[in-house]
Amino acid sequence: MEKQRKGISKIGLIALVISSSIGGGVFGITSDLARASAPGPAILAWIIVGIGILTLVLSLNNLGAKRADLDSGIFGYAEATFGKLGGFISGWGYWLGAWLGNVAFATILMIALGSFFPIFDGGQNIPSIIMGSIVIWTLTLLVSNGMESASFINIIVTICKLVPLFLFLIITGVSFKAGIFTANFWGNVSSNLLQQTPNTASIMAQIKGCLIVMMWVFVGIEGASVLANRAEKRSDAQQATIVGLLGLLFIYIFASLLPYGVLSQTELASLSQPAMANVLKSIVGNWGAAFINIGLIISILGSWLSWTMLPAETVLLMARDGLLPKHWGKLNAKKAPIYSLILTAALANVFLLTFLVTDYAYQLAYSLATAAILICYLLVGIYQMKYSYEQKETKQFIIGSIATLFQLTAIVLAGFSYVLMCSIAYIPGFYFYIKARKENGKTISVKEKITMSVISSVAVLAIGLIATGSIQV
């Protein structure tokens, strides 16, 4: 019998999995999904995404249990597969996605605050940028002082996330009308919503439009594999992670689909963010929107604190492994990675300026964040295949194959233009990678030079496509 040790119970672990993954995305998914798809294709997309995320989680659990020696974070699997440059590409992409995700947090937080303070109305003006900057640097200061979320704060934040979500599910469930839901079940207007063209979007095109939206709400699911080491019994970890994932799927699927039975797709697509608040407002009035917005504000601040530390920790691990210059891993007196914290906060602050040049700042930020992290997830699936093949584990190899195919499909179909844009950020990254290798007395191999040249060429192509308007920012 496996020995029980002091740690998190199975129920506590399930709760932590759910809490760590829910940020601000679920509060805005309703209108984002409606812009892309009718309910029928959205259901098919959820089935695809559910299977894809499940295989990713199973891969992370399997590798976490069998390759505990790879303690370099998620990029350790890429390094084990493709060497140091592979580890850098994964780690740099994960860091990029993490702080871009914080920009998405800033956008929707300012919109939510705008419902109470008109000066932030719309969330994409100068006061919003100033307030967003204040939050970024306040959280950076807290983390730099070694602050960690106390357990009671986590409990409060979790409740503040789940209570408004379940209230929303109950009210929209009661108000649900099958006639509205089925009126345009497979869709014939989704292309018109954004393009005002007479084209009709095919089911496949609508599914494609759903993928990046749905993937965003699962960014952070990889954190569940870390929690395995905190379980009372290690055998609880995989069960808890899967049950937690199923809980997330339940919340996300119903939160995104039930509104199709309350408002038409056109009405949902035209809602401003946070869409969940505006759906509830259409049913019960202003108090519903206020309740959702308060829950959203607390939810984002709680998640934002954790995600302030995550990109900094990633950079710290990369510097430790010789993938970035040593000073990138510099610690202050509180043992916090001060250099990477300040750099990450500064970059997120600069990106806030996109609020002034795009009408879809939130969608741009989360799309770029998701596209960057999809690369990391893809590399996890590839290593799961490689390791399982070497160990002759057919079942695990199949799981890794499905995870890899899903991530690759998601990148090509939904996020390829965003992956192209993310490649631009690798140009300065390669400079620091080369500097780190020299710092450690290593040379850059011919294979690494070719890989960096190809990615840099893609980045130049992306810049050209943006300049000509072929890719909209």
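Mentor: Ring pairs join F88, W92, W95, W99, W328, Y339, F351, Y426, F430, Y431, F432 and Y433 into a cluster. Rings of Phe, Tyr and Trp (its six-membered ring) are paired if their centres lie within 6.5 Å; planes under 30 degrees apart count as stacked, over 60 as edge-to-face and the rest as tilted. This is a predicted model, in which local features need pLDDT of at least 70 and side-chain atom pairs count only at pLDDT 80 or more, while totals for chains, interfaces and linings use all residues. Residues are numbered from 1 along each chain as its sequence is written, and side-chain values use heavy atoms, with hydrogens and water left out.

Across the whole structure, a search finds 23 aromatic pairs. In one of them, the ring centres of F88 and Y433 are 5.1 Å apart and the planes meet at 40°, so the pair is tilted. This pair links distant parts of the chain, since F88 belongs to helix 4 and Y433 to helix 19 (residues 426-439), 345 residues apart. Helices here are DSSP runs (H or I, at least four residues), as are strands (E, at least two), numbered from the N terminus. F88 is buried at 0% relative accessibility, and Y433 is likewise buried, with a relative accessible area of 0%. Buried means under 20% relative accessible area, exposed over 50%, and partly exposed in between (1.4 Å probe, protein chains only).

In soluble globular proteins, nonpolar side chains tend to be buried together.

F218 deserves attention next. Leaving aside neighbours within four places in sequence, F218 is in contact (heavy atoms within 4.5 Å) with W46, V49, I53, L245, L248, L249, Y252 and Y377. I212 lies in helix 9 (residues 203-216) and is buried, with a relative accessible area of 8%.

L44, I47, I51, W186, I203, I398 and I402 make a nonpolar surface patch of about 600 Å². Helix 3 (39-66) and helix 17 are the elements giving two or more residues to this patch, and the largest share, 3 residues, comes from helix 3. I398 lies in helix 17 and is partly exposed, with a relative accessible area of 45%. Q396 is also placed in helix 17 (residues 394-413), but Q396 is buried, with a relative accessible area of 16%. Not counting residues up to four places away in sequence, Q396 touches N62, K66, Q384 and S388.

As for the setting of these parts, the protein chain has 20 helices and 0 strands. Buried residues make up 54% of its 473 residues. Among contacts between residues at least 6 apart in sequence, 83% join residues at least 24 apart.

Terms used: Patches are made of residues with over 30% relative accessible area and no salt bridge: like charges are joined within 9 Å, nonpolar side chains (Val, Leu, Ile, Met, Phe, Trp, Tyr) within 5 Å. Accessible areas come from the Shrake-Rupley method with a 1.4 Å probe; for residues, only the protein chains shown count as cover. A salt bridge is a side-chain nitrogen of Lys or Arg within 4 Å of a carboxyl oxygen of Asp or Glu.
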